[in-house]
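Have a look at the sequence and the model, then read on.

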Amino acid sequence: MELGVIGILGAGQVGTAVARQALKAGYRVKIATAKPAAEIALLAEIITPGAEAVDAAEAAAADLVVAAVPLHKYRTLRPDLLAGRTVVDAMNYWAQTDGVIADFDDERGSSEVIQEFLAGARLVKSLNHIGYRELEVDAREPGSADRRALALASDDDDAKAVVAGFIDRLGYDPIDAGPLSAGRVFQPGTTIFNAAHTAKQLRGLLAEANEPARP
Amino acid sequence: MEIGAYSFGDTQLNPDGSQRGTSEAVRNLFEAIVQADHAGLDYFGIGEHHTTSMPASSPGAIVAAAAAATKQIKLGSAASIISTDDPVRVFQQFATADAISGGGRIEITAGRGSSVETFPLFGYDLGDYDELYAQKLDLLMTINNSATPEVNWDGSRRPAITNLAVVPRPAAGPMPIWLATGGNAGSSARAGQLGLPVSYGIIGGAPHRFAPLAELYRRSAAQAGHSGPEIKVSVAALGLVAPTKQEALDRFYPGWHNLNVEMGRLRGWPAPDKRAFLAQAEAPGAYYVGNPDEVAERIVHLHGHLGHMRHFLQTDIGGLPHEHLLESIQLLATEVKPRVERLLARK
């Protein structure tokens, strides 16, 4: 993808870390919460220097949008604004830590629930299985032997290609995990979620996770 | 710079690894606070956790007991999970401790808690997380800042309070109410806007990455017209002081390992990694594990980034033998604190 504008929805630990890393990668970054832009202007100036504090509508109109709000607040995301947009779902359902949320308490992956809510969005699950503290530390140049890999799952191949380019520029090897439902294998509690992996290791773990269970 | 400690209670382990009693853990905690006061430590924070391994569930009760048994140390919660507590009761308990202490050394730290076990325990709806926290903090501040015993408050999560007395009143004016946060930028901005002191819980990564948060806090406070001594920063971190670095590592690691195994079982984490532990236990990591020289130097180094006025350590985790907690507290007060003061005076 050409240098473009990244919109970040959410100014918590994850949103601000992704914003800083995207700025470092040379992107123009717009960051928003559900509140008016003025309320996070000082936050953006100090915590994500170089990012523009905007309203959610303006962030949603970016070339690529990263959704990073606390999962229990997912309904503050606006389906109308995100219809047709390429959206990275960096959120996680982590019941043991954050409590049970009824909407996510079934066998579907959390991103499948988000996709149902954001019906028109081109949703890509990624950036969810790297800690916000690691994101700015573990990044490496392409080709580095210890470059960490991040999985992508989406039902939209074009959106997935765009996000793969973004992940690469952030400093990570993008690995196609398959359709959005494949995101279940890199959610909290899985082997993939629990550690850092190179591209080769991640491909192996994805293949292993997608094998039908042997009797 | 104030030097202190905090604890969630730490249930001791039998030689076979099974847990001893939670009552003993609370008694140990009380003993540690009394010793900290004798040794000259500045601050002790208590709770709030609700697990068999960390049973300091009732900071108000422990603070009140400690208020009666200590002379100079400041006592507070670390933190009170006000989202699922009654702010009227929290205030009354701490104001009662304030009266018993002689006045002026009791504080409240208001937090959300790092886990959500209090929601089902006290019968609250997790979907109400943000609104409960905001409203209960507002009520607690309203009661504390009231010029008269009679309080008026109105909100949507409980019936209004109309001209009802909330007593006792703190002897030396409003008690300090700290806002505790683990590094969410919005929380730092909110603390500044409210004019509350902020307490950073730094449990991993390089602590100096909190510097922009402290700047956001101070500038948010200035923007909202808050200045003066109540605009201040404290840091809560993990650590243990021993005569030598190797002893400190050897004493702290087993409990750290036990705690991470327990958390991992609950939360689906992988087995704890000793290399990660050792990395965090060296500058610029988050664990203040070392001899008095090293711990003092690292506190002063962080002070250069955050300008914090209090640094306090949680030491007793995962069944740390009680005598190691007591020795660490003794060294913090008698060896680390004077070194910190000396190093800061040189700056």
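Predicted model: local features only at pLDDT ≥ 70, side-chain atom pairs only at ≥ 80, totals over all residues.

## A parallel strand pair in chain A

Strand β7 (residues 149–154) of chain A and strand β8 (residues 173–178) of chain A run parallel and are joined by five bridges. Strands are DSSP E runs of at least two residues, helices are H or I runs of at least four, and both are numbered from the N terminus; two strands pair if DSSP finds at least two bridges between them. A:Ala151 has A:Ile175 as its bridge partner in β8(A).

Residues are numbered from 1 along each chain as its sequence is written, and chains are lettered from A and ligands numbered from 1 in the order in which they are written.

## Two helices packed in chain B

Over in chain B, helix α6 (residues 185–194) of chain B packs against helix α7 (residues 211–223) of chain B at about 30 degrees, with the axes 7 Å apart. Axes are lines fitted to C-alpha atoms, for helices over the stretch in contact, and angles run from 0 to 180 degrees between N-to-C directions. So α6(B) is roughly parallel to α7(B) (angles under 35 degrees count as roughly parallel, over 145 as roughly antiparallel, 65 to 115 as roughly perpendicular and the rest as oblique).
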